[in-house]
Amino acid sequence: MLGVVGYIALGIGATLLITASAFTIGGILAIPLALAQRSRFAILRLLVRGVVNLVRAVPPLVWLFLVFFGFAELGLRMSPLMAAIATFSFIAMSYFAEIYRAGLAALSRGQEEASAALGLSTVDSYRFIVVPQVFRVVGPMMASYGIGLLKDSALASTIGVVELTFRAASQAQQTGQGLTIFAIVGIIYLLLSLPLAIVSRQVDSRLRARFSVA
Amino acid sequence: MNHPVNNTEESAPMFLRASGITKKYKEHRAVDNVTLEIDQGEVVSIIGPSGAGKSTFLRCINFLEMPTEGTVSIGKESVAVRTDSRLPSRAELAAIRRSVGMVFQSFNLFPHLTALRNISLAQERVLGRSGEEADEKSYQLLKRVGLDKKATAYPGQCSGGQQQRIAIARALALDPLVMLFDEPTSALDPEVGAEVLAVMRELADEGMTAIVVTHEMSFARDVSDRMVVMVDGSVVEEGDPHAIMSAPSHERTRQFLSAVVGR
């Protein structure tokens, strides 16, 4: 049984790789999207809203297949791992754009007015005033989305990415011990997400003790 | 650029001159062709009923509100906005805002920064002062408003009155030529407001140039050198505060004063 656990645990790398890449890439790509939603140009705002809503309206599994088979159809050979990272980054981008937007909306208008009245440049205003405050609002939301992402990454097994769930499924088939094996893999997911949840809660309560954003 | 300023008598340059300020929302004129000049060391209070456009006018002076039309000159800087022309450039806005300090009704301190940091940040980023220099100045100003003990406190750990005094220190830190106060005590309990007014009174005595939108009639009467009464977006009366309050010449001023005085 130890051998089986060891075999499954080897999938942790791929699972974490998909999760961390999607979290990072999505988190970065979402920044211009969130800013575009505050643009003066209605077309830009509508366009971004459209993309965000479209991505979120379709199940992640369907997106995964669309990307994987879609790119193959276009003659672009993409490894299952690459396709999974691309898909989840794309989905995370849309969710993060929405999270950032909510965070920006929570920031009181007075904050930006005060920065402007002090003569801070737009860049400085974002850097010193807006972003730090927005981050404190969206941090916990991002952490819980990250945990969701970790679990969603199991879907990558369906296109053949050899991660935790894929390895568990193959072992279950070989040994016929499905219940035990999936219980083990469940515990592994729990152990992976627990630290993230704990850290995020601690950071959040520490910041909350000091100040609250209106 | 030549701006067709009305009455172009080449008198001594006023410290601050906001002329022909108009702010339209659709067809509604929130501020209708208001001109205000203020000399160095002068304190002008703007009073009037709610919705008279007092705050909007004040916010047009540092372009937090973009006037539909009008010119703002401070020292050597002059920025004009005309309905049919371009908006002021970033550099022009920066120049005006550097010369003007603003205190808001809702304080608007930065909640994630300590009192000291609130005051130092713009000194470093806008004026290019070193961290040490800025902190030194900030500390002096906190002392000035009686809050040096709160230097490391966050705004959330300070009372409303303390926050407003910190906000005053923050605006003063940039050595503005003119201070704008937008109903600085309206969000405060009367006794807490009194401590803010006391600070403003002291600053006025020390020669601060300021425009104060306020409902504090006794402050307006005792501290300001001049009083401006706004009604429906226009100035209806202007002059010595005591004279206006004891013998208002305009019917709307009379109505307004009888409603607020002795309240």
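Predicted model: local features only at pLDDT ≥ 70, side-chain atom pairs only at ≥ 80, totals over all residues.
Residues are numbered from 1 along each chain as its sequence is written, chains are lettered from A and ligands numbered from 1 in the order in which they are written, and side-chain values use heavy atoms, with hydrogens and water left out.

Chain A has 9 helices and 0 strands, where helices (H or I, at least four residues) and strands (E, at least two) are DSSP runs numbered from the N terminus. Along its principal axes, the C-alpha trace of chain A spans about 70 × 45 × 25 Å.

Back to the interface, where 22 residues of chain B and 22 residues of chain A take part in the contact, contact meaning heavy atoms within 4.5 Å. Between the two chains there are 7 residue pairs in polar contact, both residues at pLDDT 80 or more; a polar contact is a pair of N or O atoms within 3.5 Å, where within protein one must be able to donate a hydrogen and the other to accept it, and residues adjacent in sequence count only if both atoms are side-chain atoms. On the side of chain B that touches chain A, helix 2 (90-99), strand 6 and helix 3 (115-127) each give two or more residues, and helix 3 of chain B gives the most, with 4 residues. By class, that side has 13 nonpolar, 4 polar and 5 charged residues, with Ala, Val, Leu, Ile, Met, Phe, Trp, Tyr, Cys and Pro counted as nonpolar, Asp, Glu, Lys and Arg as charged, and the others, Gly among them, as polar.

How many salt bridges cross the interface of chain B and chain A? The rule finds 2, a salt bridge being a side-chain nitrogen of Lys or Arg within 4 Å of a carboxyl oxygen of Asp or Glu. The side chains of Glu113(A) and Arg59(B) form a salt bridge at 2.6 Å, N to O. Over all chains, the search of the whole structure finds 20 salt bridges. Glu113(A) lies in helix 6 of chain A and Arg59(B) in helix 1 (residues 54-61) of chain B, so this pair joins two chains.

Now to the open space. The largest pocket holds about 1,300 Å³, and of the 31 residues that line it, the closest to its centre are Ala116(A), Thr122(A), Arg90(B), Leu93(B) and Arg97(B). On a 1 Å grid over the protein atoms alone, a pocket is an open set of points with protein on both sides within 12 Å along at least five of seven lines, a cavity is a set where a 1.4 Å probe fits but cannot get out, and lining residues have an atom within 4 Å of a point. Grid points are joined across faces, edges and corners, and a volume is the space filled by probe spheres set on the points. Helix 2 of chain B supplies the largest share of the pocket lining, 6 residues.

Finally, the structure holds 2 cavities of 30 Å³ or more, and about 60 Å³ lies in the largest cavity. Its lining includes Ala114(A), Arg97(B) and Phe104(B), and strand 6 of chain B gives the most to that lining, with 3 residues.
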